[in-house]
Every structure is written in structure tokens, then in C-alpha cells.
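Subject: Structure handover

Hello,

Here is the structure I promised to pass on. Please open it beside this message and follow along.

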Amino acid sequence: MNKIGIIAALSVISVGFSSCGIFNKSGVTVANSETQVEEIKDAPGDIVPNSVEDLDGEWTIASVDGKKVTGEERPYINFSISDHRMYGSNGCNLINGSFSAKGNNLSFGNVVSTMMACPDAVYEQAIGKALGNTVSYSITKRGHESYLELKNSAKQTVMVLRKHNMDFLNGTWQIEEIDGEKYDNPDLKMVIDVQELRLHGNTGCNLVNGSLIIDPDKSNSIQFNNLASTRMMCDPESMKAETACLVALESVEYAKKSRHNTVQFLDKDNKVVMVIRPLEVEK
């Protein structure tokens with residue numbers, strides 16, 4: 001679903017409804033779910049001074065009411081600092097509202113949702129209640145991840161949200177090493193767009209395109225999916241580089257910053273399968 005369209009889709013909903021789609025400071029009433037979810041501990045990390053600007057962007061809900069949030073359709077909240085609006089999903093319905101933030105204080109208001117009935121809405125009620133009870137927040141950073149804790153008036157954490165912060169991968173990159181072998185081919189490069197979850201580039205012989213997957217349960221997660229390339233034949237050396245490049249990309253599970261502005265791609269066993277460096281693009 002195009003998340004940009006969420007605000008438009010929700011603008012037609014009347015605040016006057018009193019069903020499960022609407023919640024306020026007293027919480028939300030929805031169908032109960034007996035599904036059990038796993039407990040999660042608060043994420044450790046370096047506490048940073050609260051800044052409204054740090055709220056901006058999309059946060060995946062990691063836990064609510066002390067329980068870990070799982071599943072494919074992961075609930076999330078997107079904060080728009082420019083107009084103090086929020087939108088997202090509670091795992092069943094789309095939500096939309098406003099927020100007020102100053103210093104450590106944070107509160108939500110005029111929150112409405114779509115009204116679809118879901119048989120497995122495990123988190124819907126807890127998320128609504130947590131947003132209604134939020135009065136303050138704090139942000140911690142751990143590696144490439146940031147964690148946002150929403151707290152109630154008793155200073156208890158009612159929700160933890162996670163931002164992946166993999167935006168350091170955005171840009172044009174030169175591939176300089178594959179599976180431990182150095183390469184000096186100026187055509188061996190790629191462009192990564194984290195916001196659009198897209199990859200396109202050149203294997204040294206053919207053009208390649210694909211999509212990105214960022215696993216919300218893994219730190220430093222990045223995977224390349226649906227890779228497709230053109231089918232031109234090249235010299236043996238270029239074809240060898242192409243094969244190595246595609247095999248490496250398909251095995252990538254993690255990315256991390258390294259020395260001299262380079263980035264390492266690692267497989268599931270934490271073996272470095274590719275090293276890339278930023279490429280200056282001529283204007």
C-alpha cells in the first residue's frame with residue numbers, strides 16, 4: 001500500500017463514530033483477542049536529548065504494553081513534523097491524527113481509523129490505549145537503529161517503536177570488492193534508494209534492478225530481492241564479475257559502515273561478501 005495516500009484515504013472518516021475505529025485519552029474499544037504474544041525487553045542504547053525533529057519519519061512498532069509485536073503486516077507510525085500530523089497502521093486499520101511535542105512531552109489527539117474488522121487484530125486495542133495514555137517520550141540509539149519509548153503519566157513505557165536508520169545506504173556506489181576479491185571496473189556500480197526500497201546498477205556487463213527488504217526484527221538488516229538483469233554477452237572477465245556480483249547480492253543479509261566511508265555487505269554467517277564505496281556523481 002502507498003503510505004503517502006493514507007492521509008487522503010482517512011480524511012473522509014467522521015470523528016463522530018463511536019466504534020472500534022475511534023480512540024481518545026480513555027483508550028479504544030475493540031474486539032478482544034486471545035492471541036498470545038512474546039514479551040520484549042526495553043532496548044538498550046545511548047539516550048539522546050529529545051528533539052521534535054528526531055521524531056520525523058516512519059517508526060515500526062516493536063512492542064506495546066510490554067509485548068513484542070510480530071507478523072508480516074507490522075504496525076507503524078509515521079510522524080510528519082512539518083504539520084504535526086501522524087498516520088500509520090495498528091496492524092488491522094489505518095490510523096490518522098495529530099500530535100503535540102515539546103521537550104519531553106508528547107501527546108496525540110483527534111486520532112481516527114478505518115473500520116475494517118480483522119479476525120487477528122492482536123495489537124489494535126493495545127496500540128489505541130497506548131497512544132491515548134502517552135504524555136512523554138524518550139529516544140535511544142543503538143547502532144543503526146533508534147528506539148522511541150512512549151510513556152504514560154506514571155513514567156511507564158507503554159510502547160516502543162523502532163526506526164531502522166539504514167539511510168546511509170542511499171546514493172551511488174562503486175563495487176570495489178566481491179567475496180574477498182578486489183575489482184577495478186568503473187562500470188561495476190549500483191544506486192540504492194532506501195525510501196523507495198529499490199536498487200539499480202551495472203554488474204560490469206549488464207544492467208540490474210531489484211527491490212530491498214529491511215527486516216524490522218534484525219539490526220542492520222538489508223536484503224536484495226527480485227533481482228533482474230539484461231542478458232547481453234560480454235568478455236569472460238566481465239561475465240565472471242557479473243556472476244560474482246549477482247551471487248553476492250542474493251546472499252546479503254546485513255550492511256554496516258566500515259573504514260574510509262566504505263560499506264560492507266554481510267551474509268547470514270556475518271561473512272563479508274561485498275564492499276562498496278560512495279561514488280561521486282558528475283553534475
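Below are notes on confidence, then the disulfides, then the aromatic rings.

**Confidence**

Please keep in mind that this is a predicted model. The mean pLDDT of the chain is 83. Of its residues, 81% reach 70 or more. Residues 1–44 are another matter: over this stretch the pLDDT is below 50. The stretch still has 83 contacts in the model beyond near neighbours in sequence. Where pLDDT is low, the predicted coordinates should not be read in detail.

**Disulfides**

How many disulfides does the structure hold? There are two. Counting bonded cysteines along the chain, the pattern is 1-2, 3-4.

Take Cys92 and Cys118. Their sulfur atoms are 2.0 Å apart, and the two form a disulfide. The link is right-handed, with 85 degrees about the S-S bond. It joins distant parts of the chain, 26 residues apart. Cys92 sits in the loop between β7 (85–89) and β8 (94–102). Cys118 sits in the loop between β9 (105–113) and α3 (124–133).

Are these two cysteines buried or exposed? Cys92 has a relative accessible area of 10%, so it is buried, the cut-off being under 20%. Cys118 has 23% relative accessibility and therefore counts as partly exposed.

Now Cys205 and Cys234. They form a disulfide with sulfur atoms 1.9 Å apart. The torsion about the S-S bond is about 90 degrees, so this disulfide is right-handed. Cys205 lies in the loop between β16 (198–203) and β17 (207–213). Cys234 lies in the loop between β18 (223–229) and α4 (236–251). The pair therefore ties together parts that are 29 residues apart in sequence.

Accessibility for this pair: Cys205 is at 8%, so it counts as buried. Cys234 has a relative accessible area of 23%, so it is partly exposed.

One further cysteine to note is Cys245. Its relative accessibility is 2%, so it counts as buried.

**Aromatic rings**

The count comes to three aromatic pairs. One of them is Phe79 with Phe99. This pair is edge-to-face: the ring centres are 5.2 Å apart, with 85 degrees between the planes. Phe79 lies in strand β6 (residues 76–80) and Phe99 in strand β8, so the pair ties together parts 20 residues apart in sequence. Phe79 and Phe99 are buried.

Phe79 also pairs with Phe108.

Put together, Phe79, Phe99 and Phe108 form one aromatic cluster.

Best wishes

Methods:
Residues are numbered from 1 along each chain as its sequence is written. This is a predicted model: local features need pLDDT of at least 70, side-chain atom pairs count only at pLDDT 80 or more; totals for chains, interfaces and linings use all residues. Side-chain values use heavy atoms; hydrogens and water are left out. pLDDT is the predictor's confidence in each residue, from 0 to 100. Contact means heavy atoms within 4.5 Å. A disulfide is a pair of cysteine sulfur atoms within 2.5 Å. Helices (H or I, at least four residues) and strands (E, at least two) are DSSP runs, numbered from the N terminus. Buried means under 20% relative accessible area, exposed over 50%, partly exposed in between (1.4 Å probe, protein chains only). Rings of Phe, Tyr and Trp (its six-membered ring) pair if their centres lie within 6.5 Å; planes under 30 degrees apart count as stacked, over 60 as edge-to-face and the rest as tilted.
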